[in-house]
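Me: I would like to learn how to read a structural model step by step. Could we take a few features in turn, with the general idea stated before each case?

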Amino acid sequence: MPPLSILSSPTPSAASSRLSDGSRHSDSHSVAFSRNRSIPDFEIERLPKQSNGGSKRPAARRMQSDYGAENSLRVSISRVIAAKARPFTASGHIPLDPSALVLFFRSKGGITHSLDFPIDVDYDTPPALDVLVAACRPHTTAGINVYPDRASDSLFYPPNLPLTATLEIANHPILEAVRNSLFPNLPIGHYLVAVRDRLEVVLNGCRMPAQPRTLRNDGRVATVCVSLPVHFCGGALVVRNADGIEERFFGVGGKPDEVEWTAFLAECEYEVETVTQGCRMSISFAVHLKTYGPTADPLITPSERFLDLLSPVLSLSRGRKVAFYLTQDYNVNPAESLAESLVPRLKGSDSLLYHALKAYKLAPELHWAAGGYIWPIDRTVECGNDTNDSPTSAAGIMSFASALPFNSPSRRSVPMRPMSYYGDPEEDEAELMRIQTDIIRQRVEESGAVLLSEAEIFVLSDWAPGPVSKGKVYFVSNGELEKLIVNVLLVTYVP
């Protein structure tokens with residue numbers, strides 16, 4: 001599809017011009033210092049001013065220190081841009097009342113315990129915490145299956161023992177923040193879900209060895225670590241990506257009024273530095289990417305009543321291609337997107353109807369439609385624009401029919417009635433409108449659209465027309481900007 005507009009570069013001129021930073025540029029003078037071209041400048045051409053015969057003030061030379069400072073600035077800017085272009089971590093805080101946070105677990109003896117927060121082991125150690133630590137197992141390092149020294153390494157709660165907490169990250173917009181930060185280009189219809197992974201404990205004087213990504217091969221796309229309100233000092237979380245770049249999160253030390261969370265991509269490895277005071281406790285969650293919607297694993301199922309209402313419609317339409325108009329607004333430009341791209345965005349009555357047709361094992365498709373024409377599933381809507389010699393321009397509309405070849409489809413479909421100064425102005429205006437409509441029809445046909453009757457598609461509608469989805473395609477006709485209203489048809493064949 002050709003672009004909607006083509007922007008050409010400004011034509012060089014012999015006249016002097018002023019750049020956006022205030023410096024002058026001329027074809028006959030070379031610039032002593034080239035500016036950063038990472039962002040194109042606006043070039044404004046102005047008329048040359050009359051010279052009064054006076055000499056120009058010589059440009060001041062830059063000091064060598066200016067070049068060094070600007071070079072350092074550019075290096076720093078490059079590092080910032082590179083870091084923000086590919087973030088691999090995200091962190092934040094959850095305002096939370098620690099008294100509402102309770103951890104329930106079952107020991108090896110089968111007894112259920114509860115652990116209340118906040119906790120400060122230097123002031124008082126709850127008995128349930130000692131039971132929890134006794135039930136934990138040491139972390140393993142990469143390539144080593146034996147347990148390391150329990151006195152110097154971190155611990156995790158065994159996954160085979162029941163563990164639950166009143167903290168659910170689904171009750172907080174953590175996954176939305178993770179999606180916006182680490183997965184900004186996630187397509188519509190794809191969602192992030194979190195599954196509790198394990199509880200990790202790092203006691204005073206202990207550290208967590210590096211946990212490589214090979215130990216987390218459950219198909220996750222990211223990991224979220226939530227620090228519980230247990231007071232500690234030290235124990236910074238170190239996250240390292242595949243390129244060896246590190247991010248350090250020192251945390252808030254288990255402040256009772258907030259809970260800290262840190263997310264990082266699945267390709268990263270992480271470790272915890274030595275805890276110098278207290279105890280560091282955290283719960284990790286595995287973040288998985290799921291696809292819901294009409295194309296896979298739909299979230300909704302039409303009711304039996306709706307399916308019963310649709311059944312006679314399909315029974316009476318056997319052997320035909322039928323279509324329904326969509327009724328919701330989706331704010332999509334039909335000239336830039338395919339109608340089928342709306343499938344993951346279907347909502348309301350449109351989603352209900354689509355799922356109902358899928359329930360009957362049919363294959364519904366979405367097509368653009370306008371003026372009795374329908375576009376193929378793989379085509380966008382194109383109307384074209386007028387040029388100086390266009391038939392619909394003010395100069396060429398009168399000579400359109402005579403300029404076309406005799407065997408041209410447009411000449412056969414656009415007969416023109418001679419117009420005169422003595423004719424009825426209203427009839428002449430109607431004739432011009434008819435000509436413009438026929439030219440639009442010609443453009444629509446050239447873009448690949450066909451008549452609904454030729455496609456043998458029967459549109460199912462109510463006695464009284466209701467609201468339908470509308471898209472707008474802008475084009476230039478007769479020197480004016482106009483827009484073609486385009487609808488969306490849900491088409492399916494009923495065997």
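Me: In which helix do Glu70 and Arg74 lie, and how many residues apart are they?

Reply: As a general idea, an α-helix has 3.6 residues a turn, so residues three or four places apart point the same way. In this model, which is a predicted one, Glu70 and Arg74 both lie in helix 1, four residues apart, or about one turn of the helix. The two residues form a salt bridge, with their closest N and O atoms 3.4 Å apart. Glu70 counts as partly exposed because its relative accessibility is 26%, and Arg74, with a relative accessible area of 30%, is partly exposed too.

Me: Which residues make a nonpolar surface patch?

Reply: Leu73, Ile77 and Ile81 make a nonpolar surface patch of about 270 Å². Leu73 belongs to helix 1, which spans residues 64-85, and this leucine counts as exposed because its relative accessibility is 51%, where the cut-off for exposed is over 50%.

Me: How many salt bridges does a search of the whole structure find, and which residues are joined into one network?

Reply: The general idea is that side chains of opposite charge can pair when their charged atoms come close. A search of the whole structure finds eleven salt bridges. One of them links Arg240 to Glu246, the closest N and O atoms being 2.7 Å apart, and Glu246 also forms a salt bridge with Arg248, where the corresponding separation is 3.8 Å. Salt bridges that share partners join Arg207, Arg240, Glu246, Arg248, Glu269, Glu271 and Glu273 into one network.

Me: Is Arg240 buried or exposed?

Reply: Arg240 counts as buried, because its relative accessibility is 18% and the cut-off for buried is under 20%.

Me: How should I read a sheet, and what is the order of the strands in the open sheet of seven strands?

Reply: Strands of a sheet pair through backbone hydrogen bonds, either parallel or antiparallel. Here the order is 4-16-12-19-10-8-7, with antiparallel pairing. The edge strands are strand 4 and strand 7, each of which pairs on one side only. Between strand 10 (residues 190-202) and strand 19 (residues 280-291) there are twelve bridges, and Glu200 stands opposite Ser282 in strand 19.

Me: Why is strand 16 described as largely enclosed by the rest of the structure, and which strands are joined to it by bridges?

Reply: Strand 16, residues 258-265, is largely enclosed because seven of its eight residues are buried. Seven bridges join strand 16 to strand 4 (residues 89-95), and the two run antiparallel; in this pairing Ala90 stands opposite Ala263. Five bridges join strand 16 to strand 12 (residues 222-227), again antiparallel, and there Ala222 has Leu265 as its bridge partner.

Me: Which residues of helix 3 are buried, and against which strands do they pack?

Reply: In helix 3, residues 174-182, the buried residues are Ile174, Leu175, Val178 and Leu182. These residues are on the same side of helix 3, because they cover an arc of only 95 degrees around the axis. The buried residues of helix 3 pack against strand 4, strand 10, strand 12, strand 16 and strand 19.

Me: What share of the 495 residues in the protein chain is buried?

Reply: Buried residues make up 36% of the protein chain, whose secondary structure comes to eight helices and 26 strands.

How values were computed:
Residues numbered from 1 in each chain as written. Predicted model: local features only at pLDDT ≥ 70, side-chain atom pairs only at ≥ 80, totals over all residues. Heavy atoms only, no water. Buried < 20%, exposed > 50% of the residue type's maximum accessible area, 1.4 Å probe, protein only. Patch = residues over 30% accessible without salt bridge, like charges linked within 9 Å, V, L, I, M, F, W, Y side chains within 5 Å. Areas by Shrake-Rupley, 256 points an atom, 1.4 Å probe, with all protein chains shown as cover. Salt bridge = Lys/Arg side-chain N within 4 Å of Asp/Glu carboxyl O. Pairing = 2+ DSSP bridges. Arc of directions from axis to C-beta. Contact = heavy atoms within 4.5 Å.
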